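Me: Please look closely at a single part of this model and then connect that part to its surroundings. Give the cut-offs as you go.

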Amino acid sequence: MNASVFSIRPIAADDDEAVAAIIRTVMTEFGADGPGFAIHDPEVAHMSRAYDRPGAAYFVVEKDGAVMGGGGVAPLDGGPGDVCELRKMYFLPALRGLGAGAATMSRCLAAARALGYRRCYLETLRGMDAAQKLYERTGFRRLDAPMGRTGHFGCNRFYLLDL
């Protein structure tokens, strides 16, 4: 990881437009723009407000003075109270391969532990191979079925990590 190339910080309201554009760009890149994907979640347009609540945290990754990625945790909708969901973790191509994914994941999991969660769940899809390798390296294990009620029926890969 070369953290001197990028920095990670909590999201601010001024970041909302950039984060929404990143989410929409990356999800479209991976074919995750149809029904049942997070690209359609109302929170995408105002991520700073959506994560400004108890039990939630969202971080942005800056490189060369521009927001180029982010990720966060929040309570798993319809899930047990001790489970959070790793949510909306996406990076533009210029940020990939620099260790930003691992660093953001580490920051999110540290926040999840500090918020009192005992497990972290995530959903993804076939084709996001680099992301799945990161999840597995971090200790996430594959589940056979989704947890909670995220509404993301387009996802077909599910993971859980004991914190």
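Reply: Ala 130, Lys 133 and Arg 137 are exposed on one side of helix α4, which covers residues 129-138. Helices (H or I, at least four residues) and strands (E, at least two) are DSSP runs, numbered from the N terminus. Exposed means over 50% relative accessible area, buried under 20%, and partly exposed in between (1.4 Å probe, protein chains only). The model is predicted, so local features need pLDDT of at least 70 and side-chain atom pairs count only at pLDDT 80 or more, while totals for chains, interfaces and linings use all residues. Residues are numbered from 1 along each chain as its sequence is written, and side-chain values use heavy atoms, with hydrogens and water left out.

On the other side of α4 from these exposed residues, Gln 132, Leu 134 and Tyr 135 are buried. Seen down the axis of α4, the buried residues fall within an arc of 155° (taken from the directions from the helix axis to the C-beta atoms), so they line one face of the helix. These buried residues pack against β4, α3 (100-114), β5 (119-124) and β7 (157-162). Just after α4, Gly 139 takes a positive phi of about 110°.

One of the packing partners, β4, spans residues 83-91 and holds Lys 88. Lys 88 is not a glycine, yet has a positive phi of about 50°. Most residues other than glycine have a negative phi. Lys 88 is buried, with a relative accessible area of 6%. Asp 64, another non-glycine residue, has a positive phi of about 55°; Asp 64 sits in the loop between β2 (57-63) and β3 (66-75) and is exposed, with a relative accessible area of 68%.

Next, the cores. A nonpolar core is a set of buried Ala, Val, Leu, Ile, Met, Phe, Trp, Tyr and Cys residues joined through side-chain atoms within 4.5 Å. The largest has 31 residues, and those with the most contacts inside it are Val 19, Met 27 and Tyr 121. At least two residues of this core come from each of α1 (16-29), α2 (47-50), β2, β3, β4 and β7, with α1 giving the largest share, 6 residues. Leaving aside residues up to four places away in sequence, Val 19 touches Ile 11, Met 47, Tyr 58, Val 60 and Val 67, where contact means heavy atoms within 4.5 Å. A second, separate core of 26 residues includes Ala 103, Cys 108, Tyr 135 and Phe 140. Tyr 135 is one of the buried residues of α4.
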